[in-house]
Amino acid sequence: MKVSRKRRERLTGWAFLAPAVIVLAWLIVYPLIRAAGYSLQNWDGVGVATWAGAHNYVQIIADPVERGSLVNLGILLIFYSLIPTALSLVTVNLMRRSKTRGGGFFRVVFFLPQAIVTVVVAIVWTWLLAPSGPGTVNEIGHLAGIGSGSGTPWLGSFSTALPAVGFIAAWLDFGLCFVLLVPGIQRIPPELYDAVRVDGAGLLKEFFTITVPMLRRDIGAAITITAVAALQSFTLIYQATNGGPGYATMVPGLLVYRDAFQLGTVGSASALGITMSVLIFILTFGIRALIERNAT
Amino acid sequence: MLSRAERTVCAAILLLAAVITLYPLIALVSTALTPKNGSSSGISFSSHLSLSAFSYAWQSGDFSRFMLNTAIVTVAVVVISTVIAVPAGYAIALARPPGARWLLYTAVFGFMLPVEALIVPWYYQFRSLNLINTYWAMILPQVAQSVAFGTFWMYVAFRSIPASLSESAVIDGASPLTLLWRILVPNVGPAVKTMAALVFLWTWNAFLLPLVMVSNQNLFTVTVGLSAFQGAHFNNYAALAAGSCLAALPVVLVYLFAQRSFIAGLFAGSLVE
């Protein structure tokens with residue numbers, strides 16, 4: 001009797017797994033294999049595909065537009081990931097030191113941008129970053145005594161477009177990092193700070209000897225999540241600049257869309273998509289390995 | 001011991017950050033509340049408030065249809081993926097049939113893949129099924145991604161339930177389904193809520209997938225509709241702002257009412273603590 005019950009349990013277990021297995025096999029594993037296949041071919045999406053070997057991957061480095069998109073991605077990583085993490089780290093440390101009340105309120109406010117649909121974020125920031133007009137960044141700067149009130153088309157000029165997009169990303173991700181770091185800093189026993197303070201440590205020393213090492217894992221989580229978000233910046237950039245002016249804000253995600261659905265080069269789009277996946281895995285596991293290694 | 005100055009500086013920095021965070025959102029709402037065509041250059045702070053831009057966006061701008069489409073897709077994805085992911089997570093954590101671990105690895109792997117890696121094959125898969133320009137082309141791929149996340153997420157939740165709980169229920173003669181829905185799911189309620197909130201956010205916010213899968217304007221989701229509306233009426237700022245507010249509102253409401261659930265799910269992105 002025991003055997004048959006065990007067998008029945010096993011069957012129920014499989015029955016519970018079956019729908020997930022089917023969905024993941026059909027719409028994750030199989031398409032990924034298809035994408036890997038496309039990436040080794042030249043195909044316009046309609047006609048006959050021809051073998052391309054590693055050509056589409058070589059192009060990612062050789063083609064100036066594709067290479068440029070990777071460079072832009074690298075720069076955006078600073079804005080998406082490092083700047084918001086650093087700023088929120090300083091902020092939570094300040095709040096802890098001064099025992100500021102209202103932590104819950106600030107948490108709700110700072111996190112709010114994360115709950116705003118990305119297309120909407122892009123639209124409102126294209127208005128705020130317009131060359132002139134009421135309520136724009138340029139006008140506010142002018143009122144504060146900086147700039148002439150009209151001029152810089154932040155998202156439209158070659159030198160400022162990428163940092164401007166990066167600024168929007170930092171605005172978006174600051175609250176995310178903040179919310180990730182608050183519970184961590186609340187876990188640090190106050191005695192640790194008291195101990196270094198007795199030794200006469202200042203703000204900076206306290207920050208680097210206690211806050212940063214104690215929050216190692218939380219910082220790692222914040223950097224990982226925001227870095228992965230940077231790789232998936234398609235919506236924000238499509239809507240804010242569409243990769244322009246020229247290729248000033250072109251990123252790999254946008255090239256996937258352009259290549260596959262506008263230019264009809266399915267192979268190069270797929271090679272970029274696969275490369276983006278590999279980058280996500282490297283970032284996620286790389287940051288984790290780094291943190292675990294420094295833990296000992 | 002702490003100086004008063006330090007406390008003031010901290011409060012000032014926090015307030016400044018709050019202002020920078022909120023200003024764009026206030027500017028958006030204010031623009032949406034100006035009379036239609038009352039705003040000639042983006043943002044406006046009109047003293048005369050009006051809802052006319054909202055009614056224009058809702059009716060003439062087709063946002064009623066865009067919102068309905070998005071709601072259909074989002075509800076379908078949340079419901080279907082929850083129904084699939086909860087039993088799968090349970091089976092991997094507690095029933096553990098042979099091979100279950102592989103599903104877990106596949107789920108984690110699938111959850112990390114970006115849409116950009118799968119959008120091209122998805123398009124050709126759905127094209128060969130004649131499902132381009134249908135709700136299914138927007139629902140099914142997002143179900144797959146949400147199941148990938150949800151299976152892992154529910155596995156973690158079920159794993160934390162003490163084994164004694166399910167053992168005593170089995171001894172009492174509960175069937176596997178009763179055990180799952182009556183006894184175990186109530187114990188992982190917060191995890192289910194978090195999963196549903198996150199899937200809701202992701203699906204409502206989705207852009208690349210509906211952009212690629214649907215060209216029929218009657219099926220546009222609100223994100224794609226908004227983008228198309230901006231392309232066609234870029235200088236109708238009030239209506240565009242009103243449409244933006246409509247698009248953003250449902251997620252903001254879910255966030256305000258289910259903050260804890262939202263925030264609890266954040267660490268999921270950093271994976272397998």
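Where in chain A is Asn242(A) found?

Author: Asn242(A) sits in the loop between H11 and H12 of chain A. Before going on, a word on what you're looking at: this is a predicted model, where local features need pLDDT of at least 70, side-chain atom pairs count only at pLDDT 80 or more, and totals for chains, interfaces and linings use all residues. Residues are numbered from 1 along each chain as its sequence is written, while chains are lettered from A and ligands numbered from 1 in the order in which they are written. The helices are DSSP runs (H or I, at least four residues; strands are E, at least two), numbered from the N terminus.

Asn242(A) has a positive phi of about 50°, although it is not a glycine. Asn242(A) also counts as exposed, because it has 12 C-beta neighbours inside 10 Å. The cut-offs here are 20 or more other C-beta atoms within 10 Å for buried, 12 or fewer for exposed, and partly exposed in between, with C-beta atoms placed from the backbone. The loop, between helix H11 (234-240) and helix H12 (252-263) of chain A, also holds Pro245(A), and the peptide bond leading from Gly244(A) to Pro245(A) is cis, with omega near -5°. As background, most residues other than glycine have a negative phi, and most peptide bonds are trans.

Asp62(B) is not a glycine either, yet it has a positive phi of about 70°, and Asp62(B) lies in the loop between H2 and H3 of chain B. With 18 other C-beta atoms within 10 Å, Asp62(B) is partly exposed. Follow the chain into helix H3 (residues 63-95) of chain B: its 33 residues should span 48 Å at 1.5 Å a residue, and its end C-alpha atoms are 46 Å apart, which agrees. That expected span is 1.5 Å times one less than the number of residues. Just after H3(B), Arg96(B) takes a positive phi of about 50°.

Between them, 13 residues of domain 1 of chain B are in contact with 7 residues of domain 2 of chain B, where contact means C-beta atoms, placed from the backbone, within 7 Å. On the domain 1 side, helix H1 (4-32) and helix H2 (52-59) of chain B each give two or more residues, and H1(B) supplies the largest share, 4 residues.

Zooming out, chain B comes to 13 helices and 0 strands, and 51% of its 273 residues count as buried. Helix H9 (residues 189-205) of chain B is one of the covered ones, with 13 of its 17 residues buried.

Now the two chains together: 76 residues of chain A are in contact with 76 residues of chain B. On the chain A side, helix H1 (residues 2-39) of chain A gives the largest share, 20 residues. That side divides into 52 nonpolar, 20 polar and 4 charged residues, counting Ala, Val, Leu, Ile, Met, Phe, Trp, Tyr, Cys and Pro as nonpolar, Asp, Glu, Lys and Arg as charged, and the others, Gly among them, as polar.

The largest nonpolar core has 181 residues, and those with the most contacts inside it include Ala20(A), Tyr90(B) and Ala242(B). Such a core is a set of buried Ala, Val, Leu, Ile, Met, Phe, Trp, Tyr and Cys residues joined through C-beta atoms within 7 Å. Helix H7 (residues 161-187) of chain A gives the most to this core, with 16 residues. Domain 1 (4-55) and domain 2 (63-270) of chain B both give residues to this core, so it lies between them. Leaving out residues up to four places away in sequence, Ala242(B) touches Ala32(B), Ala53(B), Phe54(B) and Ala57(B).

As for confidence, the model scores ipTM 0.90 and pTM 0.91. Chain B has a mean pLDDT of 87, with 95% of its residues at 70 or more; pLDDT is the predictor's confidence in each residue, from 0 to 100. Within chain B, confidence is lowest in helix H7 (residues 163-171) of chain B, at a mean of 72.

How values were computed
Domains from an automatic or database assignment.
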